[in-house]
Amino acid sequence: MAFKKPSVLPGFNLSLGYTIFYLGLIVLVPLSALIFKTAGLSWADFWQTVSNPRVVASYRLTFGASLIAAGINMLFGLLVAWVLVRYSFPGKRLIDAMVDLPFALPTAVAGIALATLYAPNGWIGQWLEPLGLKVAFTPLGVVLALTFISLPFVVRTVQPVLEDMEIELEEAASSLGATRWQIFAKVIFPTVWPALLTGFTLAFARAIGEFGSVVFIAGNMPMVSEITPLLIIAKLEQFDYLGATAIALVMLVASFVLLLVINLLQWWTAKRLGRR
Amino acid sequence: MSIEIKGITKQFGAFKALNDISLDVNSGELLALLGPSGCGKTTLLRVIAGLETADAGQILFHGNDATQTHVRERQVGFVFQHYALFRHMTVFENVAFGLRVRPKSTRPSDAEIKRRVHELLDLVQLDWLADRYPAQLSGGQRQRIALARALAVEPKVLLLDEPFGALDTQVRKELRRWLRRLHDEMHITSVFVTHDQEEALEVADRIVVMNKGQIEQIGTPEQVYDTPASPFVYQFLGDVNLFHSRVHEGWAEVAGQRFAAPEGKGALVYVRPHEIDLTRDAIDHAIAGQIAHIRLLGATVRLEVTVPDSEAVEVELVREQYQQNQWRVGEKVYLTPKNAQVYTDFSI
Amino acid sequence: MANNKIRRPGITDEAPWVKWLLTGIALVFIGLFLLIPLVSVFFEALRKGWELYLAALVEPDALSAVKLTLVTALIAVPLNLTFGVAAAWAIAKFEFKGKSVLITLIDLPFSVSPVVAGLIYVLLFGAHGWFGEWLGAHDIKIIFAVPGIVLATIFVTFPFVARELIPLMEAQGSDEEQAALVLGASGLQTFWRVTLPNIKWGLLYGVILANARAMGEFGAVSVVSGHIRGMTNTIPLHVEILYNEYNFVGAFACASILALLALVTLALKSWVEWKAERDDEAARIAANAE
């Protein structure tokens with residue numbers, strides 16, 4: 001088969017050519033620089049850099065907190081999507097629009113707002129302090145910030161699936177004698193599951209790379225509340241380019257793996273929903 | 001303007017959509033490309049328009065080779081199956097589009113465009129809809145607007161892809177009569193694609209029956225209906241009953257009736273349901289059977305007769321005939337074919 | 001999607017108390033995580049009164065940050081817009097090998113951490129980077145200067161327009177474009193008169209999101225900026241500096257501009273969604289009326 005199917009529409013060479021040129025210039029060449037730069041390190045040096053205890057502690061925090069944040073959002077995201085699709089209440093449109101706030105609000109703004117709110121003397125922090133719950137400047141703060149920025153993903157992937165779901169499916173299940181809870185567990189949930197998982201992975205992928213909203217609330221104590229992206233910046237500021245690059249490569253590989261998982265999930269979702 | 005199609009072949013991957021198609025469209029005629037879905041009829045129409053490029057073969061417009069001519073310069077009018085009206089433009093702007101995109105030197109003045117568009121909208125009897133958007137029209141109205149838009153550029157050839165495919169039965173019947181009348185007034189060479197044999201028989205001057213990328217038969221509606229060139233054409237143009245027989249000295253015999261047969265041994269005898277006689281009295285050689293179902297279909301009645309050692313036979317009677325004889329389910333009856341088309345193992 | 005069917009309660013509905021409970025939890029979650037942080041930004045900014053608030057905004061460093069942010073968005077967004085239209089045209093209107101790989105590559109910048117995005121440009125154009133020496137010799141500054149900020153911003157907003165347009169144009173097919181060509185329109189005429197009007201809402205949607213991200217980006221820009229006051233600070237970076245200097249009113253005042261931008265973005269986005277939905281709805285009603 002030829003590279004391209006013939007078509008009467010014009011502009012294929014121009015548009016594809018420009019697409020590849022621009023993609024190469026902005027994304028591919030710069031990203032390959034990262035890989036070539038790491039090649040300048042010996043394997044032993046590379047391993048020593050990326051397995052240093054302080055770095056490993058940062059992975060644990062970054063990935064752990066991201067996992068918890070994505071998990072929180074999986075649960076509440078499904079609930080919010082359900083409420084937005086199925087129920088009507090005053091101000092629903094406004095709430096629906098609000099869900100996208102974390103996409104629209106710059107991360108630095110979210111960061112300083114959360115840090116101020118949850119500081120021991122902040123609006124919310126002052127109520128948590130007597131309970132012995134410290135949020136700001138602890139790993140808990142990291143989880144909080146990551147939950148904020150990855151909040152829309154699950155809602156926005158689950159919502160359309162719930163909207164498209166035929167009410168007839170539930171009516172059919174009901175006519176066959178299923179209770180409301182059985183319908184949810186056996187009909188609704190399996191339909192939503194691939195989208196829910198996709199949303200979870202998207203939220204997780206976004207959270208591990210996040211920087212702006214976390215640095216203000218985390219306190220950034222080495223070994224305790226220091227995330228990996230911050231560590232890269234710290235290395236850069238000490239002009240340790242190779243160290244920064246090595247850690248960045250680990251992050252990049254994690255992103256690629258997640259991207260692959262997301263693509264597989266979306267392919268699976270499409271197959272499940274019978275879209276061709 | 002006449003169209004000559006010479007040896008057109010088109011392949012999509014491993015699928016041969018058109019296999020060496022040759023066909024002449026006479027100037028001023030209304031030609032139907034008829035066949036089941038996937039037979040290549042739409043592909044052929046798109047090749048004629050220049051929307052698709054053939055792998056081999058030539059298209060000649062009025063004797064001039066147009067194979068390499070871009071769709072923009074072919075001066076064809078094309079009506080798309082789903083109309084492809086520009087949804088962000090009013091009906092007026094849709095029809096005016098072909099005139100407005102002309103280079104400045106040949107573009108008519110605004111007043112002239114206005115006059116021409118209204119003339120065309122009058123022709124399709126929809127002038128009162130000029131300021132509406134396509135989304136606000138019914139299917140039949142959209143279809144007529146799509147036609148007016150195609151006619152606005154004064155095409156030498158009009159090509160229509162399943163023009164009535166997306167419409168209700170009622171609207172469909174009205175529109176095809178209207179299209180026939182319009183064609184009789186304008187005499188523009190037209191080719192339309194359809195999978196509906198009734199539509200082709202009613203509207204077209206000539207019918208091209210296609211199957212699996214090849215032409216099965218070309219002829220007037222009478223020719224293709226009365227003397228189908230192949231079992232495929234016979235089956236595609238109406239319901240059939242199939243009897244097996246043998247050829248003996250140029251004749252094939254079914255139920256004591258003899259039908260002219262081409263050279264060959266085993267014969268397939270095709271009989272239309274309305275060409276079978278039904279009696280209560282045992283006639284020599286007639287096929288004995290039993291009525292299994294009776295279905296009333298408006299003006300006609302369809303009876304399913306089970307026959308030993310064979311598939312059930314369908315018989316169609318006019319209502320009056322049915323009522324006179326008072327046929328009942330379970331009755332024993334005798335069948336005699338009045339007319340048949342015979343194909344032998346050689347002619348298939 | 002409106003379901004106009006009259007539903008018997010109990011079959012496809014929950015008991016009222018379940019409804020209220022679920023709605024309540026959802027609202028508390030949204031309120032706690034989204035609403036309170038948003039409100040607190042404006043509250044903190046105005047804590048010491050309007051005068052200090054306004055003073056923080058008209059301070060020269062703040063103004064120059066606003067200017068740089070606008071300039072950056074003004075360069076990055078149109079470039080990605082052009083790219084998005086070209087990519088969507090090639091991908092949605094033609095069939096070719098390697099299409100899905102190309103789509104994945106276009107999405108790539110979304111999955112790269114902003115900090116890594118900034119770092120790759122440092123590796124290319126920084127003092128110790130691939131082109132560092134050559135740039136130094138010719139006295140061209142990219143890193144710790146405006147070009148670096150623009151580049152990093154282009155990277156993080158790269159896919160926005162393309163990923164809005166590709167599914168939209170794929171769904172629309174190319175029937176209308178073919179009709180235009182048959183009627184004698186040239187390629188450019190077809191694009192301007194037929195394609196563009198059909199994708200305008202998707203285009204605007206992508207631009208709004210890209211703009212919000214371009215103006216608010218922190219991580220990537222922070223790596224390449226060098227934080228030179230009044231020179232290479234965008235608004236988010238300026239917010240950081242003020243906050244770290246314990247100038248909370250100043251930090252929140254500048255943050256409130258960005259929060260306002262976010263609200264405008266959300267409002268515009270809802271408006272575009274509503275417009276596009278209304279257009280679709282009209283088409284659907286007409287189609288059903290046949």
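Predicted model: local features only at pLDDT ≥ 70, side-chain atom pairs only at ≥ 80, totals over all residues.
## A pair to start with

Is Arg176(B) buried or exposed, and what about Asp196(B)? Arg176(B) is buried, and Asp196(B) is buried too.

Arg176(B) and Asp196(B) form a salt bridge, with their closest N and O atoms 4.0 Å apart.

Side chains of opposite charge can pair when their charged atoms come close. Over all chains, the count here comes to 40 salt bridges.

One of them is in chain A, where Arg86(A) pairs with Glu170(A) and the closest N and O atoms are 2.5 Å apart. This pair links distant parts of the chain: Arg86(A) belongs to helix 3 (residues 53–86) and Glu170(A) to helix 10 (residues 167–175), 84 residues apart. Both residues, Arg86(A) and Glu170(A), are buried.

## Back to chain B

Another salt bridge joins Glu331(B) to Arg280(B), with the closest N and O atoms 2.3 Å apart. Here, too, distant parts of the chain are linked: Glu331(B) lies in the loop between helix 9 (319–325) and strand 19 (332–337), and Arg280(B) in the loop between strand 15 (276–279) and strand 16 (287–297), 51 residues apart. Glu331(B) counts as buried because its relative accessibility is 19%, under the 20% cut-off. Arg280(B), with a relative accessible area of 38%, is partly exposed.

Chain B also holds a network in which salt bridges share partners. Its members are Arg172(B), Arg176(B), Arg177(B), Asp196(B), Glu198(B), Glu199(B) and Glu202(B).

Which residues form a negative surface patch? They are Glu163(A), Glu277(C), Asp279(C) and Asp280(C). Helix 13 (residues 248–289) of chain C gives the largest share of the patch, three residues. Asp279(C) has its place in this helix, and its relative accessibility of 38% makes it partly exposed.

## A covered helix in chain C

How many of the twelve residues of helix 7 of chain C are buried? Ten are, so this helix is mostly covered. Among the buried residues are Gly148(C), Ile149(C), Phe155(C) and Thr157(C).

The length of helix 7 (residues 146–157) can be checked as well. At 1.5 Å a residue, its twelve residues should span 16 Å, and the end C-alpha atoms are 17 Å apart, which agrees.

Note on methods:
Residues numbered from 1 in each chain as written. Chains lettered and ligands numbered in written order. Heavy atoms only, no water. Patch = residues over 30% accessible without salt bridge, like charges linked within 9 Å, V, L, I, M, F, W, Y side chains within 5 Å. Areas by Shrake-Rupley, 256 points an atom, 1.4 Å probe, with all protein chains shown as cover. Salt bridge = Lys/Arg side-chain N within 4 Å of Asp/Glu carboxyl O. Lys, Arg positive; Asp, Glu negative; His and termini not counted. Charge placed at Lys NZ, Arg CZ, Asp CG, Glu CD. Helix = DSSP H or I, 4+ residues; strand = E, 2+ residues; numbered from the N terminus. Buried < 20%, exposed > 50% of the residue type's maximum accessible area, 1.4 Å probe, protein only. Expected span 1.5 Å × (residues − 1).
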